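Keep the structure open beside you as you read.

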Amino acid sequence: MEDEHRDKMGWVLALFEEHEDQTAAVTAFVEPFVILLILIANATVGVWQERNAESAIEALKEYEPEMAKVVRAGKHGIQMIRARELVPGDIVEVSVGDKIPADLRLIKIYSTTIRIDQSILTGESVSVIKHTDSVPDPRAVNQDKKNCLFSGTNVASGKARGIVFGTALNTEIGKIRTEMAETESEKTPLQQKLDEFGEQLSKVISIICVAVWAINIGHFNDPAHGGSWIKGAIYYFKIAVALAVAAIPEGQLVDVKTEV
């Protein structure tokens, strides 16, 4: 916002300033033009980072399966339903090539072994063998939960059934999406400190600029300004604006966003 105000003020002063020749007239517009370019770059970086964050969240949605094979009481055989209709307690059957529709705890394995490719969640480069044995450690990480199948992962081989214990945002991959969204909306400690510093700096600079302009009120009618009070006021106002431009770094926000 400070850069925008300075840019507008720069254009206004450049328009009303009297110029001796064409070169001086062009020079007067250089600073407002540079500030305008910085504002455009700042906005571009902000939009680019926002789109990257949204793209990352949307990419996670691609791992969510659309359909699930479920076994429900009172229904004959296996039903195909939409994955979003699953609820905790449903019995889901998965086989080779299937994408896991929810977080499951294995209850029965029909093949010799069942292997799961869960690289999108844990980063493991090879598929993992799962089993139905309980995991005694309540603090076990996802890699150690060998009796669980996680939403969005793929069945590399085998066939099994499991009971749903997590759906939608309550799945492990859903929690990652939630954390990404919350992280994007919250400012980093560095950004918070810079905001506080910017507010304090703006107040101090505003007071100094007003003081510089007010102190020189007695010189507005000096012959150097053609004896015109208005020209003298504009001259010293430009000095105050120049102090503000020199004190506040225009590229600060761009640098911070790029580093973050």
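## A linked set of charges

Let's start with a network: salt bridges link Glu 93, Lys 159 and Arg 161. Keep in mind that this is a predicted model.

How accessible are the two partners? Glu 93 has a relative accessibility of 6% and counts as buried, while Lys 159, at 33%, counts as partly exposed.

Next, look at Lys 69 and Asp 98, whose side chains meet in a salt bridge with an N to O distance of 2.9 Å. Lys 69 sits in strand β1 (residues 67-71), and Asp 98 sits in the loop between β3 (91-95) and β4 (103-109), so the bridge ties together parts 29 residues apart in sequence. Asp 98 is partly exposed, and its relative accessible area is 22%. Buried residues are those under 20%, so Asp 98 at 22% falls in the partly exposed class.

Now turn to a helix. The side chains of Glu 172 and Lys 175 form a salt bridge, 3.5 Å from N to O. Both residues lie in helix α5 (residues 172-185), three residues apart, which is about one turn of the helix.

Which of these two partners is buried, and which is partly exposed? Glu 172 counts as buried at 16% relative accessibility, whereas Lys 175 counts as partly exposed at 39%.

## The chain as a whole

Stepping back, the count of salt bridges comes to five. The protein chain that carries them has eight helices and nine strands. Of its 260 residues, 30% count as buried.

How do contacts relate to distance along the sequence? Taking contacts between residues at least 6 apart in sequence, 63% join residues at least 24 apart. As for the surface, the protein chain exposes about 16300 Å², and carbon and sulfur atoms supply 58% of that area.

Definitions and conventions. Residues are numbered from 1 along each chain as its sequence is written. This is a predicted model: local features need pLDDT of at least 70, side-chain atom pairs count only at pLDDT 80 or more; totals for chains, interfaces and linings use all residues. Side-chain values use heavy atoms; hydrogens and water are left out. A salt bridge is a side-chain nitrogen of Lys or Arg within 4 Å of a carboxyl oxygen of Asp or Glu. Helices (H or I, at least four residues) and strands (E, at least two) are DSSP runs, numbered from the N terminus. Buried means under 20% relative accessible area, exposed over 50%, partly exposed in between (1.4 Å probe, protein chains only). Contact means heavy atoms within 4.5 Å. Accessible areas come from the Shrake-Rupley method with a 1.4 Å probe; for residues, only the protein chains shown count as cover.
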